Amino acid sequence: PSSDGSEMTMIFSNCLPIDGMGEELSGRVVISIDPNDINNMTRKFIDFTVIYEGQTYTINMSVSCDAVSCSLTSEFVGPDGRKYRMDNATVEFDGSSYTITAKVYDPDHGYVMIEGQNILFGSCASGVPSAGTMTITGSEGSSGTVIFTNCSSISVTVGAETTDYRWDEIL
């Protein structure tokens, strides 16, 4: 911990989570809390690696939260050795539903913009959203929409084609 208690660094070295799925964690996490407002917190993952099923993922990420929203910026190297990036991903809660935005970059294919509105959680036993809409738009104009219709199903539209899925078929 820092001298004023507002910052703490944790070092992980080949850690196996108790309730994990076989993943191994290594790296550094720095947690900073605003001493004047404990609702303001930042977590930085620095050269953090996750080894899962023989594949290694390296993550550098910063997550900042206040009482109602969180913002995330991340750069990570996938098992294919390619570097991916997520900029200014935000999750905001207005007291009843969530709004989500993110821009995710692929080194070969450009980016996708993800926007979610009126996302509701809490009423489904499985933890999936019960309502809301997610829109995904590609850097070259392609797009798709996911509508969370209820605790059992979602509706996915790509171009002019809409397909309904049951959560138990895709999870």
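Biologist: Which residues does Thr 157 touch, not counting residues up to four places away in sequence?
Modeller: In this predicted model, contact means heavy atoms within 4.5 Å of each other. Thr 157 is placed in strand β11, residues 153-158, where strands are DSSP runs of E with at least two residues, helices are runs of H or I with at least four, and both are numbered from the N terminus. With sequence neighbours up to four places away set aside, the residues touched by Thr 157 are Ser 143, Gly 144, Thr 145 and Thr 162.

Biologist: How are residues numbered, and which pLDDT do local features need?
Modeller: Numbering runs from 1 along each chain as its sequence is written, and side-chain values use heavy atoms, with hydrogens and water left out. Totals for chains, interfaces and linings use all residues, side-chain atom pairs count only at pLDDT 80 or more, and local features need a pLDDT of at least 70.

Biologist: What separation do the C-alpha atoms of Thr 157 and Ser 143 have?
Modeller: Ser 143 is one of the residues in contact with Thr 157. The two residues lie 14 residues apart along the chain, and their C-alpha atoms are separated by 8.6 Å.

Biologist: Is Thr 157 buried, partly exposed or exposed?
Modeller: The classes rest on relative accessible area: buried is under 20%, exposed is over 50%, and partly exposed is in between (1.4 Å probe, protein chains only). Because the relative accessibility of Thr 157 is 22%, this residue counts as partly exposed.

Biologist: Where does Ser 97 lie, and is Ser 97 buried or exposed?
Modeller: Ser 97 is found in the loop between β6 and β7 (98-106). Beyond neighbours within four places in sequence, Ser 97 is in contact with Glu 92, Asn 118, Ile 119 and Leu 120. Its relative accessible area is 6%, so Ser 97 is buried.

Biologist: Is Ser 13 buried or exposed?
Modeller: Ser 13 belongs to strand β1, and its contacts beyond four places in sequence are Leu 25 and Ser 26. The C-alpha atom of Ser 13 is separated by 40 Å from that of Ala 131, a residue 118 places away along the chain. Because its relative accessibility is 54%, Ser 13 counts as exposed.

Biologist: Which strands stand at the edges of the sheet?
Modeller: Twelve strands form an open sheet, ordered β1-β2-β3-β4-β5-β6-β7-β8-β9-β10-β11-β12, with antiparallel pairing. Two strands count as paired if DSSP finds at least two bridges between them. Each edge strand has a single partner, so one side of each is left without a neighbour in the sheet; the edge strands are β1 (7-15) and β12 (161-166).

Biologist: Which residue in the turn between β3 and β4 has a positive phi?
Modeller: Strands β3 (residues 37-52) and β4 (residues 55-65) run antiparallel and are joined by ten bridges, with Phe 45 having Met 61 as its bridge partner in β4. The two strands form a hairpin with two residues between them, and the residue in the turn with a positive phi, about 50 degrees, is Glu 53.

Biologist: Which residue of β5 stands opposite Asn 60?
Modeller: Eight bridges join the antiparallel strands β4 and β5, which form a hairpin with three residues between them. In β5, the residue opposite Asn 60 is Glu 75.

Biologist: Which residue in β6 stands opposite Leu 72?
Modeller: Strand β5 (residues 69-77) runs antiparallel to β6 (residues 83-93), and eight bridges join the two. The residue in β6 opposite Leu 72 is Ala 89.

Biologist: With which residue does Glu 75 meet in a salt bridge?
Modeller: A salt bridge is a side-chain nitrogen of Lys or Arg within 4 Å of a carboxyl oxygen of Asp or Glu, and the structure holds six. Glu 75 is partly exposed, because its relative accessibility is 32%. At an N to O distance of 3.7 Å, the salt-bridge partner of Glu 75 is Lys 83.

Biologist: With which residue does Arg 85 form a salt bridge?
Modeller: Arg 85 has a relative accessible area of 32% and is therefore partly exposed. With 3.1 Å between the closest N and O atoms, the salt-bridge partner of Arg 85 is Asp 87.
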